[in-house]
Amino acid sequence: MNSTLAFIFIGVAVLFILGMKFLSSPKTARNGNLIAALGMLIAFFATLPLLHFAPHHAKLNVILMVAGIVVGLILGAIGAYSVKMTAMPQMVAAFNGLGGGAAALVASLEFLRGAQTGSIAVIETLPMLFAMLIGSLSFSGSIIAFLKLEGKFEKPYTFPGINILNGLILLTMLGLAGYLIFGQASNSTAFIVMFALALIFGVAMVMPIGGADMPVVISLLNSFTGLAVAGDGFVIHNLSMIVAGTLVGSSGTLLTLLMCRAMNRPITNVLFGAFGSGSGGGEASAEGVTGTVKPIQADEAALLLSYAQRVVIVPGYGMAVAQAQHQVRELSDELGKHGVEVQFAIHPVAGRMPGHMNVLLAEANVPYDQLQEMDAINPSMDRVGVCLVIGANDVVNPAAREQKSSPIYGMPIIEADRAKIVIVMKRSMATGFAGIQNHLFYRDNTRMLFGDAKASLNALIAAVKAS
Amino acid sequence: MSEQILILFIFVLAVFVGFEVISKVPSLLHTPLMSGTNGIHGIILLGGMLVLAKADNSLVQALGFVAVIFGSANVFGGFMVTDRMLQMFKKKK
């Protein structure tokens, strides 16, 4: 690399870092994304002089390259602009999987090329195998995460000994890696077997994890793809790929850990615990539940809401499923006209993606200063007139605070039960993701408003307007 | 110092920068941040292009072509979808 290019790549690295920094604050986030995109554009043009076209194939390769970029651009743009806001997690999973697949292919092609011409240096084999392994795992894992978020086999699929099987696959891959590094460095059969095993491992790793834990999985796979890209950067000596991939890898790891901390579950429990499979948690659930379920009609609920001083709305995955974010905003506006102070309490892991609720409410034009984080709202929950829970379950279950035997004991929750009145909008009495009964539903100050969230909200809006 | 050691040095520093730079992100922005970094690793497109350029048989050309499509969809889709999300975050007027 000549020094001009080196300077350009330093600038690119700075743009990526600034972009990520700006992405961490709501005021600057959009510019942050554009700055990172600008960095990418510069990196793209700076790489063009580095392309060494194979003699006799230059013309076809250029055509393939341009065609590939255009096809990818069209696919990416269609995906990005047609996806519904509620399906955002799937989209991120899909783009992430494509990146992982590309990283695995790049590493594999470099290996096969090296294997043809003779032996590959050990120092090259290591990052190659790493990028291939992590990239293909991220590829197949993201596909499963995508399907789970689309509602296909959402439940954790597991069987006794799955962790042992996964361990065996992992050991076999490590064995093959050792053989390729220290033995026959150019054995492409061993490499291809390893590739296939890595794809299977990605599937086997994500299948036992429940749909609601997909945020953590996607975040983890996102950081995996970053690391795979960094590995490829080592292989093809591209500094900007190393820096960009590493930044994504380490920030993604931190983000994953932050999410696990928000649920008070160690990452090992998320990945290997088969949480929410209903085993174990089932029996413990009924204990400690006292009181009766008290249904309420929309008219009465509307009265309670419009005469409250302060209303806190707790949205959950149910709101996303019902696509009810616009109705939620309308209700909040109507209540505002009645002089009610309305706030939204957002649990860090509500929905199927960190910040999922924020994105949906932002789409419905709820100003973000009306959205409160869990820690900000909890101290004042005693002074809330009505807490309206829309399709949230485990994140408001007081068992997390009170019942030591509960599987979610210790998870920080939004303390909805401390409000004067709690109205829970729910389709039925079915349990949430953790598969346990919610003690909140049986409290004396809780009323249940059964029905589809969208229909109930429309009834509430009409009733509030009339009052 | 050899080039490999220097590169390793950069790698280690980048790990810490990655940790540091997002340590104070509010959960409000978790999704856009994940999606934005998702766009950044789309830089793998460049890797795909470098490999495809060198391709001298049809197998490598075909797989390199797929890698370029994947990388291109990742980088364009990642940044576009993030921008679409972020343009909805507005303060009260």
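What follows is a short walk through chain A, its confidence and its aromatic pairs.

First, the conventions. This is a predicted model, where local features need pLDDT of at least 70, side-chain atom pairs count only at pLDDT 80 or more, and totals for chains, interfaces and linings use all residues. Residues are numbered from 1 along each chain as its sequence is written, chains are lettered from A and ligands numbered from 1 in the order in which they are written, and side-chain values use heavy atoms, with hydrogens and water left out.

On confidence: pLDDT is the predictor's confidence in each residue, from 0 to 100. The average for chain A is 86, and 94% of the residues score at least 70. In residues 277-286 of chain A the pLDDT is below 50, and this stretch has eight contacts in the model beyond near neighbours in sequence. A contact here means heavy atoms within 4.5 Å.

Now the overall fold. Chain A has 18 helices and six strands; these are DSSP runs numbered from the N terminus, H or I of at least four residues for helices and E of at least two for strands. The C-alpha trace of chain A spans about 80 × 50 × 35 Å along its principal axes. Of the contacts in chain A with a separation of 6 or more, 77% are between residues 24 or more positions apart.

Of the 467 residues of chain A, 57% count as buried. Buried means under 20% relative accessible area, exposed over 50%, and partly exposed in between, with a 1.4 Å probe and protein chains only.

That leaves the aromatic rings. Rings of Phe, Tyr and Trp (its six-membered ring) pair if their centres lie within 6.5 Å; planes under 30 degrees apart are stacked, over 60 edge-to-face, and the rest tilted. Over all chains the count is four pairs.

One of them is Phe111(A) with Phe191(A), stacked at 4.0 Å centre to centre with 5° between the planes. This pair links distant parts of the chain, with Phe111(A) in helix H4 (residues 88-117) and Phe191(A) in helix H7 (residues 188-206), 80 residues apart.

Another pair is Phe234(A) with Phe11(B), edge-to-face at 5.8 Å centre to centre and 65° between the planes. Phe234(A) lies in helix H8 (residues 214-235) of chain A and Phe11(B) in helix H1 (residues 3-21) of chain B, so this pair joins two chains. Phe11(B) counts as partly exposed, at 24% relative accessibility.
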